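Reader: I would like to go through this model with you. Please set each value against its definition.

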Amino acid sequence: MRIFHRARHRPSATWRQTTDRAFTLIGDGRYEDAGALLVMAADLEPWLSDSWFNLALLHKFRRDWEQSRAAGLRAVALLDREQGAPDWWNLGITATALQDWPLARRAWQAYGLRLPGGPNAHGDGPVSLDLGTTPVRLSPEGESEVVWGRRLDPARIEVLSIPLPSSGRRWGEVVLHDGAPHGERVTDGVAYPVFDEIELWAPSPVPTYVVLLQAATEADRDALERLVADAGYAAEDWTSSVRLLCRACSESRMATDDGHTAHHDPHDDGDAAHPGHLSHLSPGAGGMSWLAERECGIAAPAHLVRTLLDRWAAAAPGTRAYRDLEEVC
């Protein structure tokens, strides 16, 4: 294939060395230095789609979406295959970040995805697909936390769990995520890929509260979660749902908590009788009784959260109570 009368060819050794050095710098977080080298590589091989794809990746890492779109468009213009190229996927993420929906549709379709309406589908609104639920790693470069969410399209996830305040995220927020999975969570024998958050795409107005519950039984706890869900919001028993993992395990294939079995981090030196700081035991695990005091996260508006808690406690005052309600995010 020829473009502007120049045949495609293998990149030079200088191009490969320059690019390799640039990605080493990217791994060290030295984006400015890496950018200078990738610009140099693009000058060496301007007809090579990889030159512009690499620059598009760098700009994505820097969250410079306009520059990422410009480089990404040059990359796909030089492609020598019709579908499946990562250049299109990266451009789809960039277009989603910019809410450039016509370009996002074009990118996903060129990659090989089927969108509602077929190949001739057009629209100025967001791409809307039913891609099911999946885990997403919030704040991957900080105190990362893996939560569950609903995939709205190939690059956006709506958070369905109630994140811990350390993540800086809220229930109902939409995050932009990267395309390459980074670990897996296994539920009922099904493995789900874990995607890393890139940035917050749409904030949630619903604050997060933490409260200490006195719930005599699991049924008492479940009743609060149902009550809040029926009101259109969410409550989550962090005492049972939060599991502390080392980074190596978090980024690997891990079983999720099914409420009946014990989970042990292989890097933890504890055991069932003497749990270490990374151990996690579900209430259903053998040898562990129900703890009445539960730390619970609640995502609900300020005017409603105490009303819901009062209603829950009043329904069974002998087995239910709460204290220390605090807004945390």
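**Reading the model**

Author: Start with Lys60. Beyond the neighbours within four places in sequence, Lys60 is in contact with Trp65, Ser68, Asn90, Ile93, Asp178 and Ile198. Contact means heavy atoms within 4.5 Å. This is a predicted model: local features need pLDDT of at least 70, side-chain atom pairs count only at pLDDT 80 or more, and totals for chains, interfaces and linings use all residues. Residues are numbered from 1 along each chain as its sequence is written, and side-chain values use heavy atoms, with hydrogens and water left out.

Reader: Why does Lys60 count as buried?

Author: Buried means under 20% relative accessible area, exposed means over 50%, and partly exposed lies in between (1.4 Å probe, protein chains only). Lys60 has 4% relative accessibility, so Lys60 counts as buried. Its place is in helix α3.

Reader: What makes α3 a mostly covered helix?

Author: Of its 13 residues, 11 are buried. Among them are Trp52, Phe53, Leu57, His59 and Lys60. The buried residues of α3 pack against α1, α2, α4 (65-77), α5 (86-97) and β9. Helices here are DSSP runs of H or I with at least four residues, strands are runs of E with at least two, and both are numbered from the N terminus.

Reader: What span does α2 reach?

Author: Helix α2 (residues 31-44) has 14 residues. From first C-alpha to last, α2 reaches 20 Å, close to the expected 20 Å.

Reader: Why do the buried residues of α2 line one face?

Author: The buried residues are Ala34, Gly35, Leu37, Leu38, Ala41 and Ala42. Seen down the axis of α2, they fall within an arc of 170 degrees, so they line one face. The arc is that of the directions from the helix axis to the C-beta atoms. The face turned away from the buried side carries the exposed residues Glu32 and Asp43. What covers the buried residues of α2 includes α1 (13-27) and α3 (49-61).

Reader: Is Tyr233 buried, partly exposed or exposed?

Author: Tyr233 has 25% relative accessibility, so Tyr233 counts as partly exposed. Its place is in the loop between α7 (218-230) and β11 (234-237). Contacts of Tyr233 beyond four places in sequence include Trp171, Val206, Ala300 and Leu304.

Reader: Which strands close into a barrel?

Author: The order is β3-β4-β5-β6-β9, 5 strands with mixed pairing. Strands β3 (residues 133-138) and β9 (residues 195-202) pair in the parallel sense over 2 bridges. Two strands pair if DSSP finds at least two bridges between them. Val136 stands opposite Phe195 in β9.

Reader: What is the average pLDDT of the chain?

Author: pLDDT is the predictor's confidence in each residue, from 0 to 100. The chain averages 87, and 82% of the residues score at least 70. Over residues 1-7 the pLDDT is below 50, and this stretch has 13 contacts in the model beyond near neighbours in sequence. Over residues 272-281 the pLDDT also stays under 50, and the model has 25 contacts there beyond four places in sequence.

Terms used
The expected span of a helix is 1.5 Å times one less than its number of residues.
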